[in-house]
Amino acid sequence: MIPVVLFVGRSNTGKTTLIEGVISCLKARNYRVGAVKHTGHPVEMDREGTDSWRFSEAGSDITVVASPGGLMVTRRWDHEIPLERIVDQYGRDLDILIVEGYKESRFPKIEVFRSDLCEAPLFREGNRGMNYLAVASDVPLEGDIPVLPVDDHEAICGFIVERLLERRDS
């Protein structure tokens with residue numbers, strides 16, 4: 001199975017922005033990167049009026065839009081899909097999968113912490129067994145996991161490469 005790393009944290013801590021930067025850094029190092037965004041809210045995957053939207057509205061369980069530049073798949077489910085199934089299904093041609101969310105998952109996590117938004121990091125709140133690799137923080141923190149500078153995408157990318165990708169190649 002490919003390496004998977006989750007970025008978790010409270011709302012508005014900058015997870016998406018950090019993931020964007022990490023993906024760019026990994027791509028600059030020639031890694032094949034996939035990304036998954038988990039949300040607890042219903043998501044509209046297409047724009048009203050497009051042909052694919054019309055197919056979905058008509059009841060299609062799976063709709064694929066194929067073009068020379070890519071492939072988009074929309075699939076309806078009656079339950080939430082476990083992250084393991086997504087990794088198995090879509091991770092085959094990747095070097096690493098970056099995930100935002102799924103904080104209850106068994107996969108390794110980097111917490112995104114901002115001191116002005118949160119009193120304490122999640123890894124300290126009874127989540128010790130949740131496989132935290134590090135915390136990306138705007139302030140120094142005490143603890144037994146590495147603390148990375150939250151706005152230094154290169155440092156976080158380097159940490160991921162060292163911990164998850166280089167060890168895999170050895």
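Select Cys25 and Cys157. The sulfur of Cys25 lies 4.7 Å from the one in Cys157, its closest cysteine sulfur, and that is too far for a bond. A disulfide is a covalent bond between the sulfur atoms of two cysteines. Here a disulfide is counted when a pair of cysteine sulfur atoms is within 2.5 Å. The structure holds 0 of them.

Before you go on, note that this is a predicted model: local features need pLDDT of at least 70, side-chain atom pairs count only at pLDDT 80 or more, and totals for chains, interfaces and linings use all residues. Residues are numbered from 1 along each chain as its sequence is written, and side-chain values use heavy atoms, with hydrogens and water left out.

Stay on Cys25. Is Cys25 buried or exposed? Cys25 is buried, with a relative accessible area of 9%. Buried means under 20% relative accessible area, exposed means over 50%, and partly exposed is in between (1.4 Å probe, protein chains only). Now click Cys118, which is buried too, at 8%.

**The whole chain**

Zoom out. Colour by secondary structure to find 4 helices and 8 strands. Both are DSSP runs numbered from the N terminus: helices are H or I with at least four residues, strands are E with at least two. From the N terminus, the order is β-α-β-α-β-β-α-β-β-β-β-α. The C-alpha atoms fill a box of roughly 55 × 35 × 25 Å along the principal axes. Of the 170 residues, 43% are buried.

**Helix 1**

Select residues 15-28. These 14 residues should span 20 Å at 1.5 Å a residue, and the end C-alpha atoms are 20 Å apart, which agrees. The expected span is 1.5 Å times one less than the number of residues.

Which residues of helix 1 are buried? They are Lys15, Leu18, Ile19, Gly21, Val22, Cys25 and Leu26. Look down the axis of helix 1: the buried residues fall within an arc of 165°, so they line one face. That arc is taken from the directions between the helix axis and the C-beta atoms. Turn to the face away from the buried side.

**Two positive phi angles**

Most residues other than glycine have a negative phi. Asn12 has a positive phi, near 65°. Find Asn12 in the loop between strand 1 (4-8) and helix 1. Asn12 counts as exposed, at 70% relative accessibility.

Next, pick Asn30, in the loop between helix 1 and strand 2. Its phi is positive as well, near 70°. Asn30 is exposed at 67% relative accessibility.

Show the second largest pocket. About 340 Å³ of space lies there. Among its 17 lining residues, the closest to the centre are Gly9, Ser11, Lys15, Lys37 and Glu100. A pocket is an open set of points on a 1 Å grid over the protein atoms alone, where a 1.4 Å probe fits, with protein on both sides within 12 Å along at least five of seven lines; lining residues have an atom within 4 Å of a point. Grid points are joined across faces, edges and corners, and the volume is the space filled by probe spheres set on them.

**Last two stops**

Select Asp95, in the loop between helix 3 (83-90) and strand 5 (96-100). Asp95 is buried, at 16% relative accessible area. Its C-alpha is separated by 7.8 Å from that of Leu165, 70 residues apart along the chain.

Finish at Gly40, in the loop between strand 2 (33-37) and helix 2 (51-57). Gly40 is exposed, at 76%.
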